[in-house]
Amino acid sequence: MKVMSEVRKGLNSGISMKCEMCNFQEIIWTEDPHNEEMPVNTAAVSDIMKIGGGFANLEEFLSTLDIPPLSSKTYQKEHNTIATAWEKVAEREMYSAAMEEKQLAVQAGEIGPDGFPTLTVVVDGCWAKRSYRNNYSSLSGAAAIVGFRTKKVIYMGVRNRYCMVCSRAAAANEQAGRHCCSKNWHGSSSSMEANIIQEGFMNSVAMYGIKYTKIIGDGDSNVYKTILDSRPYDALQVEKLECKNHLFRNFCLKLKDLVKDSKVGPIILTKCLGKNILRLRKFIFLVIASIAKNKNLNNYSILQKQILNAPYHIFGDHTKCLDCLCDDDKKEKNWIPDLLESGLMYKVMHVVSNLADNSKSLLFSANNNCVEQFNSIVAKFIGGKRI
């Protein structure tokens, strides 16, 4: 047998062999054409997509292994096939998750007067570029609605402000040819999340026969306002619960900002505040846990009063403390008069009152970790917000 030539189809090679005795010629492929498993080209492109890479990354990786890489055309063809398959599977899995969440709501007796099951969902968005709290200019964003009980995604959407084909055609003052345009958003980057979640609420009845009556979010008021303005369920008003983790994170950050500000009071008082931020947070956690055990209709008001009393307890004034919550040494120094005289106490109470206003959310004790985990997976697939 003599090797005549090689035919390449990506990573699949066909070796043309010829018999020198009978001149019989046959092509032997490195991959079994009757193999029912994933083809090698599809597997290679799928793997590089899963680790947040693209054509250039796969080309460099294969070149390092001294393997002839796929052509750009072959890569794009496989990429489109995989993306279409992933989209179909995602739609099927989201429908299955919604039906599971719906069944759990029915079992719990959470059914509205119109017969539709009412669900509590967790919502959040993510972007392809970090904003660092001041530069919201990402060209692409995604958002998801996750069932509170199952922790599974039941709706998601993507918004893109950019299409490469359209952009190149516009730069050359030409008309873009026929293509699958990825641009589906013309608004600001910061409004992508609200639009996707609003779309999910508007389509929940048509898609799954359910209504989202409670949402757990991260404090973004724009999303909740958009939902209220759209009125997805006519007379039924959606209720919002804040994520506990975000509430306490913002609470501590605002107190730390007071500590860093040299104009809020004497340095000895700001240092005292800085040393007690974690104590204050821990005490409020204990108050929430203690009050949550008592099934009392006035739990919200009791919790609100005790949160407002937390700074007095931490800084030495125990006149309004509950005996079951106060076990500190009553002989410690009382910093309250000094804090009041300097005006720092009023600034601290403003921060604490914002937390106390969310007593209902704190007693519900929910967080949006399940959506944050989904966002981390998205970040991995797009290259960790680098590409």
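**Exercise 1.** Determine how many cavities of 30 Å³ or more the structure holds, and describe the lining of the largest cavity.

*Solution.* The search finds one cavity of 30 Å³ or more, a cavity being a set of points on a 1 Å grid over the protein atoms alone where a 1.4 Å probe fits but cannot get out, with lining residues having an atom within 4 Å of a point. The largest cavity has a volume of about 50 Å³, where a volume is the space filled by probe spheres set on the points, which are joined across faces, edges and corners. Strand E7 (211–217) and helix H7 (221–230) each give two or more residues to this lining, helices (H or I, at least four residues) and strands (E, at least two) being DSSP runs numbered from the N terminus. Among the lining residues are Val123, Glu193, Asp218 and Lys240. By class, the lining of the largest cavity has four nonpolar, one polar and four charged residues.

This is a predicted model, in which local features need pLDDT of at least 70 and side-chain atom pairs count only at pLDDT 80 or more, while totals for chains, interfaces and linings use all residues. Residues are numbered from 1 along each chain as its sequence is written, and side-chain values use heavy atoms, with hydrogens and water left out.

**Exercise 2.** Check whether the span of helix H8 (244–260) agrees with its number of residues, and find what covers its buried residues.

*Solution.* The expected span is 1.5 Å times one less than the number of residues. The 17 residues of H8 should therefore span 24 Å, and the end C-alpha atoms are 25 Å apart, which agrees. Buried residues (under 20% relative accessible area, 1.4 Å probe, protein chains only) in H8 include Leu247, Phe248, Phe251 and Leu255. Among the elements that cover the buried residues of H8 are strand E8 (239–242), helix H10 (277–293) and helix H13 (344–356).

Technical notes:
On a 1 Å grid over the protein atoms alone, a cavity is a set of points where a 1.4 Å probe fits but cannot get out, and a pocket is an open set with protein on both sides within 12 Å along at least five of seven lines; lining residues have an atom within 4 Å of a point. Ala, Val, Leu, Ile, Met, Phe, Trp, Tyr, Cys and Pro count as nonpolar, Asp, Glu, Lys and Arg as charged, and the others, Gly among them, as polar. Buried means under 20% relative accessible area, exposed over 50%, partly exposed in between (1.4 Å probe, protein chains only). Contact means heavy atoms within 4.5 Å.
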